[in-house]
There are 2 protein chains.
Amino acid sequence: MTQTQTPNPVINPKLIVPFMNAVRQVFKTMAGVETTVQKPFIKPHPGASYDVCGIIGFSGDITGTVSVSFSDSAAQKLVEAFAGAPLDRSSPDFADAIGELANMIAGSAKQHLGGLASISVPSVVIGKGYTISNMTNSQCLVIPCGSPFGEFAVEVSIKQKTV
Amino acid sequence: MTQTQTPNPVINPKLIVPFMNAVRQVFKTMAGVETTVQKPFIKPHPGASYDVCGIIGFSGDITGTVSVSFSDSAAQKLVEAFAGAPLDRSSPDFADAIGELANMIAGSAKQHLGGLASISVPSVVIGKGYTISNMTNSQCLVIPCGSPFGEFAVEVSIKQKTV
């Protein structure tokens, strides 16, 4: 491996709080859905938490990835609340809606993270039993979230560039 | 959707050639494997080509995502050639190796794309039958690739910022 080997540095809590706030704000504003966030924990092993997952990459002063993942049923109901109509799970519009939600959460959190960072367009993974890994030189923190439509999770695996 | 609706602009071929060169160069230099690239085609529907996939996000003057995806068997043999030893498919080192290959291909291509772009750390998806979608406002071009260990593909879904 040519990457810098700095295994598992602890994620600064200041990098997590903006995502906890962004989740509540985005779902309330954009989908009219009240969500709750629970205490984050360190992901014990790389793997997707759920079936439908929007992934955003960070680069610049903040590097890493953030994903928002849902069970199938939570994804369908939250997308319906967001889009104003039910969308077929296999349609491009469904993936777009998941990507857009992930994009808004990452974009909203980014404003409060400090530093100059840019975020990539989202990739949306839909399936069963797949795993998602990031480079293992930074920890992944899972923020478990609740909604009236089911549980979901925001997984944050980012670090701030140290000067 | 709040995104700008500019559906399916055609990808500039100048954005594709650097990836075709990068694939050959990275596998030859880093794994001692001769690869071939075939004529790219427009992906007819979002979906993963194979089972093991490394995804890199671009931001800045180039925005979008690039993924490198392999069948299980091609991934295992190419990773063995790259790492110098066989790695278990479920180990973090295996995902790291796939991510690192994707990172080197994207990084190498980026140098020849022009403009100021940054790339995110890779996300690696491992599973069966999942689909990966990007935001549908840019086309996805598939570059089919061949190797002695099996086929793989580089999927490029990026666009250059127009000033």
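The contact between the two chains takes 35 residues from chain B and 35 residues from chain A, where two residues are in contact if their C-beta atoms, placed from the backbone, lie within 7 Å. This is a predicted model, in which local features need pLDDT of at least 70, side-chain atom pairs count only at pLDDT 80 or more, and totals for chains, interfaces and linings use all residues. Residues are numbered from 1 along each chain as its sequence is written, while chains are lettered from A and ligands numbered from 1 in the order in which they are written.

On the side of chain B that touches chain A, at least two residues each come from strand 3 (52–60), strand 4 (62–70), helix 3, strand 5, strand 6 and strand 7 (131–134) of chain B. Helices (H or I, at least four residues) and strands (E, at least two) are DSSP runs, numbered from the N terminus. The residues on this side of chain B comprise 15 nonpolar, 18 polar and two charged. In this sorting, Ala, Val, Leu, Ile, Met, Phe, Trp, Tyr, Cys and Pro count as nonpolar, Asp, Glu, Lys and Arg as charged, and the others, Gly among them, as polar.

How the copies are arranged comes next. Two copies of a chain are related by a rotation about an axis and a shift along it. Here, chain B is superposed on chain A by a rotation of 180 degrees with 0.0 Å of shift along the axis, at an RMSD of 0.0 Å; the superposition is by least squares on the C-alpha atoms of residues with pLDDT of at least 70 in both copies. The two copies are thus related as by a two-fold rotation axis. Within chain B, the C-alpha nearest that axis belongs to B:G57, at 2.8 Å from it. Both copies use the same surface, since 100% of the contact residues of chain B recur in chain A.

Strand pairing also crosses from one chain to the other. Strand 7 (residues 131–134) of chain A pairs with strand 6 of chain B in the antiparallel sense over four bridges; strands are taken to pair if DSSP finds at least two bridges between them. Within this pairing, A:N134 has B:S123 of strand 6 of chain B as its bridge partner.

B:S120 sits in the loop between strand 5 (117–119) and strand 6 (123–126) of chain B. This serine is buried, because 27 other C-beta atoms lie within 10 Å; a residue is buried if 20 or more other C-beta atoms lie within 10 Å of its own, exposed if 12 or fewer, and partly exposed in between, with C-beta atoms placed from the backbone. Leaving aside neighbours within four places in sequence, B:S120 is in contact with A:G57, A:F58, A:S59, A:T65, A:S120, B:I56 and B:G57. The C-alpha atom of B:F152, 32 residues from B:S120 along the chain, is separated from that of B:S120 by 22 Å.

Strand 8 of chain B (residues 141–146) takes part in several pairings. Strand 1 (residues 36–37) of chain B pairs with strand 8 in the antiparallel sense over two bridges, and B:V37 has B:C145 as its bridge partner. Strand 2 (residues 41–42) of chain B is likewise joined to strand 8 by two bridges and runs antiparallel to it, with B:I42 opposite B:L141. Strand 9 (residues 152–160) of chain B pairs antiparallel with strand 8 over five bridges, and B:L141 has B:V156 as its bridge partner in strand 9. The hairpin of strands 8 and 9 of chain B has five residues between the strands, and B:G150 there takes a positive phi near 130 degrees.

Two packed helices are described by the angle between their axes and the distance between the axes. Helix 2 (residues 72–83) and helix 3 (residues 92–110) of chain B pack at about 80 degrees, with axes 10 Å apart; axes are lines fitted to C-alpha atoms, for helices over the stretch in contact, and angles run from 0 to 180 degrees between N-to-C directions. These two helices of chain B are therefore roughly perpendicular to each other (angles under 35 degrees count as roughly parallel, over 145 as roughly antiparallel, 65 to 115 as roughly perpendicular and the rest as oblique). Helix 2 of chain B contributes B:A75, B:V79, B:F82 and B:A83 to the contact, and helix 3 of chain B contributes B:F94, B:A97, B:I98 and B:L101. The residues of this helix contact are eight nonpolar, no polar and no charged.
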